Amino acid sequence: MDEIKPAFGIYIHWPFCAKKCPYCDFNSHVQDAIDHDLWLKAYLRELRYYAAETSDRLVTSVFFGGGTPSLMKPQVIEDILAEIGRLWDCSEDFEITAEANPSSSETRLFQDFRQAGINRLSIGVQSFNDQALQFLGRLHDAAEARKAVESAAKIFDRLSFDLIYALPGQTPAEWQRALGEALTLAPDHLSLYQLTIEPGTVFHQDRVAAADEDIGTELYEITQGLMDHAGLPAYEISNHARETQESRHNLVYWRGQDYLGIGPGAHGRLTRDFQTEMIQNVREPGKWLELAQTKGLGQHKRTPITAEERRDEILLMGLRLTEGVSADHYHTLTGTDLASSLDQIRLQALENEGFITFRDNILKATPAGRQRLNAVLAHLLS
Amino acid sequence: MTELTHKRNFAIIAHIDHGKSTLADRMIEFCGGLTDREMQEQVLDSMDIERERGITIKAQTVRLTYKARNGETYELNLIDTPGHVDFSYEVSRSLAACEGSLLIVDSTQGVEAQTLANVYLALDADHEIVPILNKIDLQASEPDRIKSQIEDVIGLDASDALEISAKTGLGIEDVLEAIVERLPAPVGEAAAPLKALLVDSWYDPYLGVMILVRVQDGKLARGMKVKLMSSGEVHQIDQVGVFKPKTTKVDELGPGDVGYFTASIKTVAETNVGDTITNEKNPTAEPLSGFKPSVPVVFSSLFPTDAADFEELRESLAKLRLNDASFVYEAETSAALGFGFRCGFLGLLHLEIVQERLEREFDLDLITTAPSVVYRLHMTDGSERELHNPADMPEVTQIDYIEEPWIKATIMVPDEHLGGVLSLCTERRGDQIELTYAGNRAMAIYRLPLNEIVFDFYDRLKSTSRGYASFDYQMDGYKESDLVKVSILVNGELVDALSFMAHKGQSEFRGRAICERLKDLIPRQLFKIAVQAAIGGKIIARATISAMRKDVTAKCYGGDITRKRKLLEKQKKGKKKMRQFGQVEIPQSAFLAALKMGDD
């Protein structure tokens, strides 16, 4: 594995959607009148606050997430990016991603987003099947989704879209067909999520059942096989890409590197001298806006995490990656030795069972281990 | 004081729901024992559980003053007895305090097994018995058929049975007249030394232990020093009284009287039901016959669902025992389940009552292990010992032979369900002693190993007869049997609390059942888990819990890290509470659930 370069990402959360989807447990809200100028000012103030202590970092990525950031005025995005350019040095391969929905009104604005500085788009397609889209409560149909992907491909060099699978009743054959269709659009990056039912969602309230373990396993295995074959192997549990097309911003999270969280409910991690701090913003949009306007930041909590918590976070994120966690990188992040921070008996048991490998100084979850990662982590880190 | 000739002491024998408590209420009402306001439905059963389940646990009593049709006034003492086989000794002592019984039979249902057992106890006590057909107001009432059933099954003359409705009050006065006319008056010598039967005792938070007595000879008065003959303990009497049904102080109790006294006794464990109470200075020569200390026949372990409740469980058991000396307990430690208590009970109902009272009155959440009977181990060195807990089973090589307790069971069942009941008894190693028919009901008497009853006999009997069979039993000695201890192993390691004793012929079936049950209860893990049942070193049944196939969070980005880490921490913490078997950790809750009685 090549040496991992230092990276520093900025996440910006736009908390508004045209409609709340029944499976979504993100910090997203539906609101009629949004004062984009007010929000812009608040984002800028929070950016300036953190710039004061991180101006020595080289920013490698910005990610506009939500909510539905494609509902932001392109001018707001442009102004935010301009401010980031003023406050920090940015890398040569600076990646600027925005999430977007494929409804026709948003698709029309793709060109404007490109103009504003976005160089990678992540489209929330979720499905190319009208019935499934209806079940998922999406505002677009399959035809719009296809059109959105096609037009985005002309505008953006780098593009990804999301699909949700393991919907109630979905058979392996159906999913195989759907995924095959999606691949005809020649994507370079795909995020493929199994539907999970999260507390606080409409699906949870309606007692929609997630696919059982056996079906979930079968669909997951089909996905891995098809994507490997298509040249987009998984580089993370649910993310697939052609070589070099990985999301650099998301790799920051999975590689345990530092990032800022700007906007309501956003999280950040900042490390100095091997001490990592966890930063959490207030979730409620109105409250965050007020705090950011008056105090310059909408912080809820900022606390140092313990060495054990840091270890757990690095492994809980890092083992999601096919590349695993190298002892060198771990040492760079923590100043400590990876091997001696693990229980050898537990590690051995997982290696014997074929869930983990620790060779050439790299700790990796095998495909079988990644498929059961929650249990593997609970065993390894207990 | 009322003359002996104007006293009557009587008990009421009835099956659950046949109307005993309602009749008692009507009689109290008729004699004016309580004002309407004080009349709570079924005043006699004062504990919640008793009222809800229609069973009496403690003997209770009420003195009625009745002006008979002959113009004379009589003092009638109703002694309400515990109505279940688990308490048959207590029942026999209550009956010993009376000269006669009212036998109540629901005229829409007929004689049930429990009724029968108690009638036999009453006949043993030389009681005069007045048969009464209740619920005569109901459409489904069949007095003639039930009368002939009483004659056929019990052998009592039912020609002059009373026909009443306790609910509507029809025939209540006839019942009171029958008590006066047909039941004998007590006999006794007022001048003789005190001789009184200890019928029951209970703890009253204000008065301390209250002792219910029936005076045979002599007098019992405030200030006297009395001796409890079984223990030799001497106590000075603080208070003497009767129940009307409210406690009412009196100066003294004489021959034939039923009442209570208090004497600053702290726990009911110091008093033994059936004991004889006499005067310390001038004792009676011979105690009353029939006394025996209570012996637990069914053992089970109680574990708090939350280990933190252990001390509270200990205190609650101690408090409960203040009022119920018939159950015993001692602390027990299980590697799989943590700290709990091994408890002995008079029977299954007694176990259930204690468990329910702990949960209800003391607000504890408990797990009760499968009940076990008391085995007699005859060792190769000639000694004999009792086995209360399969976990304590010694090496097989040290045992010459094992005996298990048997019961004599009486089952009453409608004809159409007889076949199922008979095959159930056969399957449970029963020997048929008698099978008789009365009308469209059959009465089967079987000898059965108690071990087979405590397993799930009641549930099976109920389902096979659609709830129509009634069942009663009495202990019927010990018999040598081919018994083995079945151990349960998880990944090759013993789970102590799941061991059980079984007849060799049924060990495999029962071992398999518990393996299958654990298979359903133990969550899938990263690693395969083997569950086995074994006798000694020989595996007799096995089940495999296959490894989990997928368990991974689909989405995990920057904003999710904190939440996912906290989830992981919770999992790690949970694992600390688990019991480790090789490389797998199994939650205690799985074992607890496997042990839980009654839900299959």
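Q126(A) is buried, with 7% relative accessibility; buried means under 20% relative accessible area, exposed over 50% and partly exposed in between, using a 1.4 Å probe and protein chains only. Q126(A) belongs to strand β4 (residues 120-126) of chain A, where strands are DSSP runs of E with at least two residues, helices are runs of H or I with at least four, and both are numbered from the N terminus. Although Q126(A) is not a glycine, its phi is positive, at about 70°.

This is a predicted model, in which local features need pLDDT of at least 70 and side-chain atom pairs count only at pLDDT 80 or more, while totals for chains, interfaces and linings use all residues. Residues are numbered from 1 along each chain as its sequence is written, chains are lettered from A and ligands numbered from 1 in the order in which they are written, and side-chain values use heavy atoms, with hydrogens and water left out.

## Other backbone features

Most residues other than glycine have a negative phi, and most peptide bonds are trans. D126(B), which is not a glycine, has a positive phi near 60°. D126(B) is located in the loop between α4 (113-124) and β5 (128-134) of chain B, and its 69% relative accessibility makes it exposed.

In chain A, the peptide bond from G66(A) to G67(A) is cis, with omega near 20°. G67(A) sits in the loop that links β2 (58-66) and α2 (74-87) of chain A.

## Nonpolar cores

A nonpolar core is a set of buried Ala, Val, Leu, Ile, Met, Phe, Trp, Tyr and Cys residues joined through side-chain atoms within 4.5 Å. The largest such core has 128 residues, and F64(A) and I80(A) have the most contacts inside it. Helix α1 (residues 36-54) of chain A gives the most to this core, namely eight residues. At least three residues come from each of domain 1 (8-252) and domain 2 (307-382) of chain A, with bounds taken from an automatic or database domain assignment.

Beyond its neighbours within four places in sequence, I80(A) is in contact (heavy atoms within 4.5 Å) with I12(A), L40(A), Y43(A), L44(A), L47(A), F64(A) and M72(A). Another core, of 49 residues, lies apart from the largest one and includes L422(B), C425(B), Y446(B) and I453(B).

## Helix α8 of chain B

Buried residues in α8(B) include L348(B), H350(B), I353(B) and R357(B). Just after α8(B), D363(B) has a positive phi of about 55°.
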